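Work through the exercises below with the model open beside you. Try each task before you read its solution.

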Protein chains: 4
Amino acid sequence: MQAKNRPSFASDYLEGAHPLILQRLAETNLVQSAGYGMDEYTASAKNKIRAACCAPEADIFFLVGGTQTNATIIDAVLQSYQGVIAAETGHISVHEAGAIEAGGHKVLPLPHKNGKLSAREISIALDRYWKDETHEHMVMPGMVYLSQPTEYGTLYSLSELKEISALCHRNQIALYVDGARLAYALACPKNDVTLPDLAALCDAFYIGGTKCGALFGEAVVLPSHNTIPHFFTIIKQHGALLAKGRIAGIQFDTLFTDNLYDRIGRSAIDAADRIRKALSEKGYRMPIPSPTNQIFIEVEKQQLAALSDKVELGFWENIDENHVVMRIATSWATRQEDVDTLIACL
Amino acid sequence: MQAKNRPSFASDYLEGAHPLILQRLAETNLVQSAGYGMDEYTASAKNKIRAACCAPEADIFFLVGGTQTNATIIDAVLQSYQGVIAAETGHISVHEAGAIEAGGHKVLPLPHKNGKLSAREISIALDRYWKDETHEHMVMPGMVYLSQPTEYGTLYSLSELKEISALCHRNQIALYVDGARLAYALACPKNDVTLPDLAALCDAFYIGGTKCGALFGEAVVLPSHNTIPHFFTIIKQHGALLAKGRIAGIQFDTLFTDNLYDRIGRSAIDAADRIRKALSEKGYRMPIPSPTNQIFIEVEKQQLAALSDKVELGFWENIDENHVVMRIATSWATRQEDVDTLIACL
Amino acid sequence: MQAKNRPSFASDYLEGAHPLILQRLAETNLVQSAGYGMDEYTASAKNKIRAACCAPEADIFFLVGGTQTNATIIDAVLQSYQGVIAAETGHISVHEAGAIEAGGHKVLPLPHKNGKLSAREISIALDRYWKDETHEHMVMPGMVYLSQPTEYGTLYSLSELKEISALCHRNQIALYVDGARLAYALACPKNDVTLPDLAALCDAFYIGGTKCGALFGEAVVLPSHNTIPHFFTIIKQHGALLAKGRIAGIQFDTLFTDNLYDRIGRSAIDAADRIRKALSEKGYRMPIPSPTNQIFIEVEKQQLAALSDKVELGFWENIDENHVVMRIATSWATRQEDVDTLIACL
Amino acid sequence: MQAKNRPSFASDYLEGAHPLILQRLAETNLVQSAGYGMDEYTASAKNKIRAACCAPEADIFFLVGGTQTNATIIDAVLQSYQGVIAAETGHISVHEAGAIEAGGHKVLPLPHKNGKLSAREISIALDRYWKDETHEHMVMPGMVYLSQPTEYGTLYSLSELKEISALCHRNQIALYVDGARLAYALACPKNDVTLPDLAALCDAFYIGGTKCGALFGEAVVLPSHNTIPHFFTIIKQHGALLAKGRIAGIQFDTLFTDNLYDRIGRSAIDAADRIRKALSEKGYRMPIPSPTNQIFIEVEKQQLAALSDKVELGFWENIDENHVVMRIATSWATRQEDVDTLIACL
């Protein structure tokens with residue numbers, strides 16, 4: 001439930017939207033525009049995203065949320081007899097309530113390292129499939145699903161992504177990147193994967209809005225025009241088409257004006273880096289080497305109780321009787337004074 | 001595309017949201033709250049809707065759009081072998097890109113009268129099914145889907161709704177009412193079906209937000225607690241769960257504060273009534289007797305061209321070489337001066 | 001239930017299989033062969049069907065039953081956002097328990113004439129779709145489904161089929177013909193559509209076994225190689241792959257040896273023609289002009305009771321209080337003496 | 001491809017059907033009977049199976065194949081938001097081409113031991129699900145799927161099955177047993193699980209025909225009447241309803257007459273035991289302790305080539321550069337002299 005008097009670091013979607021988004025919604029509120037994304041705000045947002053991705057031919061679509069976006073794209077790209085390779089910890093593997101299977105497709109889980117898949121693991125899985133004498137009785141891998149950053153806040157390097165992309169293309173399977181928290185990857189000093197890199201290497205990816213400063217919304221980028229024919233109708237069929245498409249368009253138009261999406265990411269990373277530094281100095285164990293806006297720390301249960309009076313953290317998992325892993329997430333909305341409070345009570 | 005200098009009556013979702021909604025989103029923007037509808041705004045909105053429906057036990061859920069809501073509820077309520085009876089003109093029959101079928105269910109279309117089904121037609125269809133010796137090879141009717149108002153702006157009377165509800169319950173099939181434009185029914189002087197009536201007579205219905213003053217959002221009302229077990233997970237599986245559930249909660253909390261939902265409906269109906277009166281005086285033929293916020297008029301194509309320079313209307317259908325039916329829709333955002341403009345150029 | 005002492009004309013699948021099929025199953029019974037249709041009997045049957053169809057490049061697959069075949073092919077051929085046009089009386093429209101919708105696709109019903117669609121009706125439906133301004137919100141027609149003969153025993157002429165085929169190809173939608181009773185069309189003197197014609201004009205069709213002398217089985221013909229990539233896996237995914245594929249292969253190999261399929265059809269048609277002649281002489285009204293192995297007659301309910309003591313007919317539909325339509329179906333197994341009995345008691 | 005001059009032990013579905021089945025099909029061939037399983041042979045088979053299972057109230061249905069049966073039952077029993085727990089090596093996990101996911105359900109794989117799940121593993125998985133704070137965003141376990149014997153030929157003991165059954169019922173999830181090769185379990189001296197045990201402990205199971213002497217066919221047993229309402233229609237919707245249901249009925253009626261099903265199992269087990277004894281004496285390593293009709297042996301690749309000139313074995317998996325695991329399967333049709341040949345060339 002809602003954090004009243006103590007600041008919360010439980011997740012990165014605790015507030016509404018970046019104030020500039022609300023301001024722009026208010027300014028445009030009474031302008032009449034066509035529905036279903038045929039409005040001028042949406043057109044402008046698409047052009048700004050094309051420019052940011054150096055992908056002038058890209059098809060851009062705005063959907064509402066992450067699970068919806070994953071389910072819609074994966075169903076649209078895969079053939080009926082294909083499945084999608086994902087880390088066993090991936091969002092689609094665990095936390096989408098079977099949305100991919102509801103669309104008829106198997107998630108093919110692979111072992112992960114800090115939330116990441118390796119080209120090697122994917123390659124082994126593909127070989128195993130193609131060399132199996134009974135593979136025609138099995139689900140054919142048709143796509144690789146990655147998240148940047150991953151569920152664990154970790155990042156694929158450009159060389160890793162290039163290797164996976166080359167592997168996918170060699171095997172004629174699609175590469176799709178879930179960027180629910182992409183702002184926090186792009187703004188991370190350790191990151192070397194840019195939007196143009198994603199556009200060059202992926203068949204599809206999405207730029208997350210919900211967790212990166214918008215009220216809601218995810219921008220799907222299909223770098224090659226007509227990658228998914230009739231995707232508008234497919235979106236509608238998946239119940240993912242906004243009647244007032246402008247609401248998503250205005251938000252992304254704002255996020256991609258004056259580098260707002262970058263600034264949102266950077267302020268969250270700055271806050272996370274301050275917290276990581278303090279944790280490190282105080283000797284906290286951080287079991288997952290996340291350089292982005294999510295920090296995972298080991299805490300004694302006793303200590304946690306005291307901590308939880310002052311700040312709210314997110315539960316991640318139990319280690320043993322006495323220890324848990326907690327998640328600290330920062331966002332565009334994280335305030336300096338709340339970081340101070342957190343550091344003070346560590 | 002966007003109407004620039006001329007007012008548009010093409011639909012009732014041309015603008016953003018009622019200003020009170022934007023104001024409330026701004027006021028609450030930086031308050032931290034839990035995700036997925038576990039916040040206090042959503043809780044408050046649910047209570048207000050329960051009160052408005054005189055349905056203290058009702059389960060309330062907020063989804064994003066109409067097609068999504070229909071697809072999710074229908075799939076959740078029907079058994080795998082059941083289909084849903086709907087008017088052949090119903091939204092689910094025609095304009096949802098096969099979303100119901102994508103969920104595995106057949107829409108069983110019946111003839112309509114001005115967009116309405118009759119208890120008699122439904123009864124005949126049920127009899128035909130049950131008396132058919134091969135009915136075990138056929139799709140079993142499991143639900144009746146109505147819209148209030150219908151696609152044609154017409155209304156079910158309380159007695160009609162009672163008759164259909166009794167028929168459904170006698171046959172142990174669910175009754176579901178799509179209220180995408182419910183505000184415009186509730187506010188209509190000719191309407192005698194209240195929210196408590198809907199709660200008493202339906203197994204499920206939704207109170208439309210998108211077309212009635214919200215940025216987006218539909219409030220599903222399940223009058224009997226636990227009508228759909230695990231509906232939260234089902235919503236997630238359908239990609240219909242908002243991470244920032246509060247955005248829907250705040251909107252419906254605002255709509256159900258100080259009768260805003262009623263006021264929104266009433267202003268649209270007042271504008272529509274003024275237009276209807278003028279049309280009537282000027283001798284326009286209105287082929288569908290809609291008393292709500294949608295007006296359908298016959299226009300000569302030549303005349304339409306002239307009209308379209310001054311106001312934008314919505315195309316409905318061709319009648320013959322020279323005549324079309326156009327739709328005029330009013331909304332909470334319709335301005336007096338635009339109605340004046342419209343009437344002046346009729 | 002089973003007809004004991006009186007002969008039954010209730011349907012064309014009342015017996016086991018043509019004796020030559022049982023004989024061949026017995027002869028080959030202990031030969032070991034590979035599973036899943038990789039055996040030599042299946043290979044031989046495919047070659048014989050390719051030859052009969054003058055379609056040397058055709059892909060041939062053997063499935064078990066009609067609904068399964070329709071559901072598997074339609075799902076494999078259609079894109080997710082497409083539906084299939086069918087007569088409102090078509091098997092997929094009415095009597096497949098929603099199997100097409102369970103695969104995610106809408107059946108788009110059109111009015112029929114004696115069970116047949118016309119190129120004109122199809123053309124109007126396609127035009128209506130493409131000219132509708134909102135067609136991107138609608139299910140796109142992706143296939144035309146016909147039956148030869150139809151549910152009503154009627155036949156498409158070659159010129160009708162050519163016209164529909166040309167229309168489909170012009171509109172880039174697939175043409176699929178359900179040949180559950182194809183033997184009875186091919187053997188009908190009024191028929192001018194051959195197997196090579198079907199192969200030349202359709203994207204897919206099936207040659208029915210279940211109702212034409214086999215224990216079970218339908219032979220799918222895809223005249224162009226690789227019309228449906230990975231169809232083997234799709235068949236498996238639909239639960240339609242026989243482990244002992246040879247059982248279907250042996251049956252079709254037998255059916256296409258020494259013109260057995262033709263002979264089966266001809267004997268049924270001969271019997272039906274004798275019955276039709278007698279009915280005609282005795283003044284029975286036959287409301288549907290079926291020239292194939294199904295005959296539809298109007299009977300008074302009183303008269304029916306007497307008749308039913310001596311022979312079993314199939315109930316088709318009620319006309320009014322006192323009259324019903326009954327179906328008489330002949331098959332490869334219809335005996336001369338049973339026809340005599342039937343004619344005697346008419 | 002087909003084994004010509006050398007006997008094959010590659011699988012247990014290399015031949016047609018047990019001769020008594022063919023004989024019975026021939027004897028009854030010209031008797032007319034009702035379709036869709038409404039015939040007297042099917043009724044008789046059902047009664048015999050009810051008797052064999054000591055389950056007089058059981059609903060029995062005959063389907064065509066194993067994947068079809070699994071997909072139909074699992075889809076019918078699970079709620080839309082539920083998945084099925086299975087061994088990661090289970091048939092539904094690997095070799096059904098995604099048929100379960102095509103029905104919308106996730107297979108929840110668990111580690112196995114020789115193809116078996118343990119109550120402990122299942123219990124841990126259920127606990128993990130229910131204790132996860134985010135479990136409402138996850139697929140709910142709704143069923144446990146076991147095979148008896150497993151893919152590896154191993155058996156659940158009665159006490160293991162009782163423990164799993166009790167666990168399932170305590171957690172209100174269904175227990176379903178895939179008995180594709182059930183004859184070979186029932187006839188195994190090490191087995192202590194009878195048909196009445198299965199009926200007492202499972203919510204659903206099937207008695208395999210295809211791999212146990214029939215041309216095709218699986219007998220679904222639902223021990224409690226009306227476990228799956230409208231299952232007939234569900235079967236039809238899944239394309240799994242035989243028009244000539246009698247063909248399955250006659251086969252199972254024969255299998256359950258004069259203990260044929262037991263005799264079929266026993267002869268296969270006797271042959272397998274002879275082979276196992278010889279293998280053991282000759283020092284072959286058998287990596288999986290299967291006591292049923294499947295035997296897994298380690299062979300050097302060089303040795304395999306020589307062996308394959310004389311008998312055909314089934315490839316199972318590679319161990320390393322020089323070694324493979326091969327499968328030897330016996331069946332009702334395995335001949336003494338072929339066993340002699342096999343043993344001679346080991």
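Predicted model: local features only at pLDDT ≥ 70, side-chain atom pairs only at ≥ 80, totals over all residues.

Residues are numbered from 1 along each chain as its sequence is written, while chains are lettered from A and ligands numbered from 1 in the order in which they are written.

**Exercise 1. Chains A and B**

Task: describe the contact between chain B and chain A, and find how the two copies are related.

Solution. Start with the contact rule: two residues are in contact if their C-beta atoms, placed from the backbone, lie within 7 Å. By that rule, 49 residues of chain B are in contact with 50 residues of chain A. Next, list the elements. Those of chain B that give two or more residues to this side are α1 (19-27), α3 (66-77), α5 (99-102) and α10 (231-237). Helices (H or I, at least four residues) and strands (E, at least two) are DSSP runs, numbered from the N terminus. Then sort by class: this side of chain B has 25 nonpolar, 19 polar and five charged residues. Here Ala, Val, Leu, Ile, Met, Phe, Trp, Tyr, Cys and Pro count as nonpolar, Asp, Glu, Lys and Arg as charged, and the others, Gly among them, as polar.

**Exercise 2. Chains B and C**

Solution. A turn of 180 degrees and a shift of 0.0 Å along the axis put chain B on chain C, with an RMSD of 0.0 Å. Again, 100% of the interface residues of chain B are also interface residues in chain C, so the copies meet through the same surface.

**Exercise 3. Two domains**

Task: which domains does the assignment give for chain A?

Solution. The bounds come from an automatic or database domain assignment. It gives domain 1 (19-255) and domain 2 (262-344) of chain A. Their centres, taken over C-alpha atoms, are separated by 27 Å. In chain A, 16 residues of domain 1 are in contact with 14 residues of domain 2. The domain 1 side divides into ten nonpolar, four polar and two charged residues.

**Exercise 4. A sheet in chain D**

Task: give the strand order of the open three-stranded sheet, then place the helices across it.

Solution. Two strands pair if DSSP finds at least two bridges between them. The order is β8-β10-β9 of chain D, with antiparallel pairing. The edge strands are β8 (294-300) and β9 (314-318) of chain D, as each pairs on one side only. From one strand to the next, the twist averages 30 degrees. Four bridges join β9(D) to β10 (residues 323-329) of chain D. In one pair, F315(D) has M326(D) of β10(D) as its bridge partner.

Now the helices. Axes are lines fitted to C-alpha atoms, for helices over the stretch in contact, and angles run from 0 to 180 degrees between N-to-C directions. Helix α12 (residues 260-281) of chain D lies across β8 and β10, at about 30 degrees to β8(D). Helix α13 (residues 301-310) of chain D also lies across β8 and β10, but at about 120 degrees to β8(D).

**Exercise 5. V339(B)**

Task: is V339(B) buried or exposed?

Solution. Find the element: V339(B) is in helix α14 (residues 336-344) of chain B. A residue is buried if 20 or more other C-beta atoms lie within 10 Å of its own, exposed if 12 or fewer, and partly exposed in between; C-beta atoms are placed from the backbone. V339(B) counts as buried because it has 21 C-beta neighbours inside 10 Å. Leaving out residues up to four places away in sequence, V339(B) touches A271(B), R274(B), I275(B) and T334(B).

**Exercise 6. Backbone angles**

Task: what is phi of N259(A), and what is omega from Q148(C) to P149(C)?

Solution. Most residues other than glycine have a negative phi, and most peptide bonds are trans. Phi of N259(A) is near 55 degrees, a positive value. N259(A) lies in the loop between α11 (245-255) and α12 (260-281) of chain A. The peptide bond from Q148(C) to P149(C) is cis, with omega near -10 degrees.

Conventions: Least-squares fit on C-alpha atoms with pLDDT ≥ 70 in both.
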